[in-house]
Amino acid sequence: QVQLVESGGGLVQPGGSLKLSCVASGGIRSIKTMSWYRQAPGRQRELVALITGPSSTQYSELVEGRFTISRDNAKNTVNLRMTNLEPEDTAVYYCRAALILSSNVPADYWGRGTRVTVSS
């Protein structure tokens, strides 16, 4: 059974940095796209960044220049390096993977999220 597990969230002061990681495991043949979304209280979930293939990336204009997404295909891992964090970045961050299962069936999975709080 496929699982996506996020880690790295926490409390950080404005201007600080955090690195989130997400590991996908269980019955995966390949992963096409890995992405990070976030959902702040009272707001809709929004795309933060995605990476397709080895290095094709896309960012929300709200984070471009401050966040960097990367992946390690050998480890089925995606990372999100967040710098110069702002209180507006406070949210639960979710990992998402568009993948091919071992049975050759395409599927889409979400992690349970990791909370990021930016506050002094």
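Residues are numbered from 1 along each chain as its sequence is written. As the model is predicted, local features need a pLDDT of at least 70 and side-chain atom pairs count only at pLDDT 80 or more, whereas totals for chains, interfaces and linings use all residues, and side-chain values use heavy atoms, with hydrogens and water left out.

The structure holds five salt bridges in total. One of these joins E86 to R66, with 3.9 Å between the closest N and O atoms, and links the loop between strand 8 and strand 9, where E86 lies, to the loop between strand 6 (56-59) and strand 7, where R66 lies, across 20 residues of sequence. E86 counts as partly exposed at 31% relative accessibility, while R66, at 11%, counts as buried. R38, E46, R66, E86 and D89 are linked in a network of salt bridges. A further salt bridge is formed by R96 and D108, for which the closest N and O atoms are 2.9 Å apart; R96 belongs to strand 9 and D108 to strand 10 (residues 106-110), 12 residues away. Both ends of this pair are partly exposed, R96 with 24% relative accessibility and D108 with 37%.

In soluble globular proteins, nonpolar side chains tend to be buried together. The largest nonpolar core of the model has 31 residues, and those with the most contacts inside it are W36, L80, M82 and Y93; such a core is a set of buried Ala, Val, Leu, Ile, Met, Phe, Trp, Tyr and Cys residues joined through side-chain atoms within 4.5 Å. Two or more residues are given to this core by each of strand 3, strand 4 (28-39), strand 5 (46-52), strand 7 (67-72), strand 8, strand 9 (91-101) and strand 11 (114-118), and strand 9 gives the most, with six residues. When residues up to four places away in sequence are not counted, Y93 touches, among others, W36, L80 and M82, as well as R38, contact here meaning heavy atoms within 4.5 Å.

Strand pairing was assigned where DSSP finds at least two bridges between two strands. Strand 1 (residues 3-7) and strand 3 (residues 18-25) run antiparallel and are joined by five bridges, and strand 3 also pairs in the antiparallel sense with strand 8 (residues 77-82), over six bridges. K19 has R81 as its bridge partner in strand 8, whereas the bridge partner of V5 in strand 3 is V23. V5 itself lies in strand 1, counts as partly exposed at 47% relative accessibility, and touches S21, C22 and V23, with residues up to four places away in sequence not counted. The C-alpha atom of V5 is separated by 7.0 Å from that of R112, although the two residues are 107 residues apart along the chain.

V5 and R112 are also among the residues that line the largest pocket, together with V2, Q3, L4, E6, Y109, W110, G111 and G113. A pocket is defined on a 1 Å grid over the protein atoms alone as an open set of points where a 1.4 Å probe fits, with protein on both sides within 12 Å along at least five of seven lines, and its lining residues have an atom within 4 Å of a point. The volume of the largest pocket is about 190 Å³, a volume being the space filled by probe spheres set on grid points that are joined across faces, edges and corners. Strand 1 and strand 10 each supply at least two residues of the lining, the largest share, four residues, coming from strand 1.

Most residues other than glycine have a negative phi. N76, in the loop between strand 7 and strand 8, has a positive phi of about 50° although it is not a glycine, and is partly exposed with a relative accessible area of 22%. N104, in the loop between strand 9 and strand 10, has a positive phi near 70° and is partly exposed, with a relative accessible area of 48%.

Definitions and conventions:
Buried < 20%, exposed > 50% of the residue type's maximum accessible area, 1.4 Å probe, protein only. Salt bridge = Lys/Arg side-chain N within 4 Å of Asp/Glu carboxyl O.
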